[in-house]
Amino acid sequence: MARNPASISPTAHYTGYTWFAHGMSHPALVTPQGKLMHTALRPLHGLATITGAPTLQAFLLARHRLIDHLLELAIKEGRVSQIIEVAAGLSPRGWRFKQQYGDKLRYVEADLPDMAQRKRDLLQRAGLLTSGHEVVALDALADTGPLCLHALADTLDAQRGTAIITEGLLNYFDTPTVIAMWQRFGRVLNRFPDGLYLSDIHLHNANKGVGVQAFKAMLSTFVKGRVFLHFDNEAQAEAELRNARFEPAQLHDPTRFANALNMAMHPGANAVRVIEARTHQTRHG
Ligand SMILES: C[S@@+](CC[C@H](N)C(=O)[O-])C[C@H]1O[C@@H](n2cnc3c(N)ncnc32)[C@H](O)[C@@H]1O
């Protein structure tokens with residue numbers, strides 16, 4: 001199902017500010033919209049913290065840090081040196097990873113044309129774009145045409161291990177759309193010697209209970225539309241990823257990584273799962 005991007009993009013400003021507020025971003029990636037939304041939600045966040053209710057911040061930070069961690073492992077193990085971050089919004093990950101790994105890494109941030117243009121302008125104006133770091137226009141739902149992922153993959157080095165990341169994207173789309181997206185990602189990543197797909201996802205089994213229902217309602221209001229939960233549990237999602245030519249495919253509960261990430265997991269952190277799904281050319285051809 002095609003959602004109006006105008007209903008999704010404002011959340012990129014909010015999460016962009018969240019990354020900054022927690023010391024993970026650069027002031028150049030802060031927008032007035034993001035700051036305003038953050039200020040508006042602060043009382044609700046304060047109330048939830050006092051009452052021990054789940055907070056948006058808890059799962060946002062958990063997912064962001066765990067995606068970083070899994071990406072870092074893949075880079076350090078030599079499995080990945082090219083990254084396509086789909087729906088990157090105002091995320092600082094591209095800038096942070098390029099700062100850390102420099103020329104060893106090619107990092108392509110991709111988003112719908114308006115957001116890509118805005119991100120490129122912000123990075124360029126602040127002098128944060130280095131060689132091997134680009135921001136391009138892409139539609140994650142397109143199978144053909146200049147905005148499709150295959151066209152972008154044609155511009156990459158076919159000999160390098162490649163990762164695709166989606167963060168904060170899947171739950172805006174219904175199940176057939178997400179499955180089609182995974183099939184697309186699986187086809188593209190199988191073109192490279194090693195492939196890695198990282199993403200957050202919310203499941204039914206981790207989003208039950210009155211508190212979480214209220215939380216979901218708040219999230220839906222916030223994103224001006226329904227938030228989709230596609231699968232009942234981890235096994236269903238993993239099976240669907242295997243159908244899309246990923247093997248192995250695993251969903252992680254971020255709270256199990258509290259030690260590795262050296263972070264406190266607050267209520268709400270276990271509402272999200274992080275997908276780590278791989279492809280390997282010699283197995284799938
Ligand atoms: C919730 S924001 C997440 C941004 C960023 N990944 C983060 O976590 O801060 C969702 C992003 O998805 C982008 N988006 C929505 N539909 C898209 C599509 N069909 N293709 C690519 N990006 C899309 C929006 O423009 C927006 O930047």
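Ala87 counts as buried because 25 C-beta neighbours lie inside 10 Å; a residue is called buried if 20 or more other C-beta atoms lie within 10 Å of its own, exposed if 12 or fewer, and partly exposed in between, with C-beta atoms placed from the backbone. The model is predicted: local features need pLDDT of at least 70, side-chain atom pairs count only at pLDDT 80 or more, and totals for chains, interfaces and linings use all residues. Residues are numbered from 1 along each chain as its sequence is written.

Although Ala87 is not a glycine, its phi is positive, at about 60 degrees.

The strands form an open sheet of seven, in the order S3-S2-S1-S4-S5-S7-S6 and with mixed pairing. Two strands are taken to pair if DSSP finds at least two bridges between them. S3 and strand S6 (249-252) are the edge strands, each pairing on one side only. From one strand to the next, the twist averages 15 degrees; axes are lines fitted to C-alpha atoms, for helices over the stretch in contact, and angles run from 0 to 180 degrees between N-to-C directions.

Strand S1 (residues 82-86) pairs with S2 in the parallel sense over five bridges, and Glu109 in S2 is the bridge partner of Glu85. Strand S2 (residues 106-111) is mostly covered, five of its six residues being buried. S2 also pairs in the parallel sense with strand S3 (residues 133-137), again over five bridges. In S3, Glu109 has Val135 as its bridge partner, Val108 has Glu134 and Tyr107 has His133.

Helices connect these strands. S1, helix H4 (residues 93-101) and S2 make a right-handed β-α-β unit; a crossover is right-handed if, with the strands pointing away from the viewer, the path from the first strand over the helix to the second runs clockwise. From S2 the chain crosses through helix H5 (residues 113-125) to S3, and this β-α-β crossover is right-handed as well. H4 lies across S1, S2 and S3 and runs at about 175 degrees to S2. H5 packs on the sheet, where it touches S2 and S3, and its direction makes about 155 degrees with that of S3; residues are in contact if their C-beta atoms, placed from the backbone, lie within 7 Å.

Glu85 stands opposite Ile165 in S4. Strand S4 (residues 162-166) is mostly covered, with five of its five residues buried. Thr162, Ile164 and Thr166 point one way from S4, while Ala163 and Ile165 point the other way, and all are buried. S4 pairs in the parallel sense with strand S5 (residues 194-201) over five bridges, one of which links Ile164 to its partner Tyr197 in S5. S4, helix H7 (residues 175-189) and S5 make a right-handed β-α-β unit.

The loop between helix H9 (234-243) and S6 contains Glu247. Pro248 also has its place in the loop between H9 and S6, and a cis peptide bond, with omega about 0 degrees, joins Glu247 and Pro248. Glu247 is partly exposed because 15 other C-beta atoms lie within 10 Å. From C-alpha to C-alpha, Glu247 and Ala235 are 13 Å apart in space and 12 residues apart in sequence. Arg245 lies in the loop between H9 and S6 too, and its phi is near 75 degrees, a positive value in a residue other than glycine. With 19 other C-beta atoms within 10 Å, Arg245 is partly exposed.

Technical notes
Helices (H or I, at least four residues) and strands (E, at least two) are DSSP runs, numbered from the N terminus. Two residues are in contact if their C-beta atoms, placed from the backbone, lie within 7 Å.
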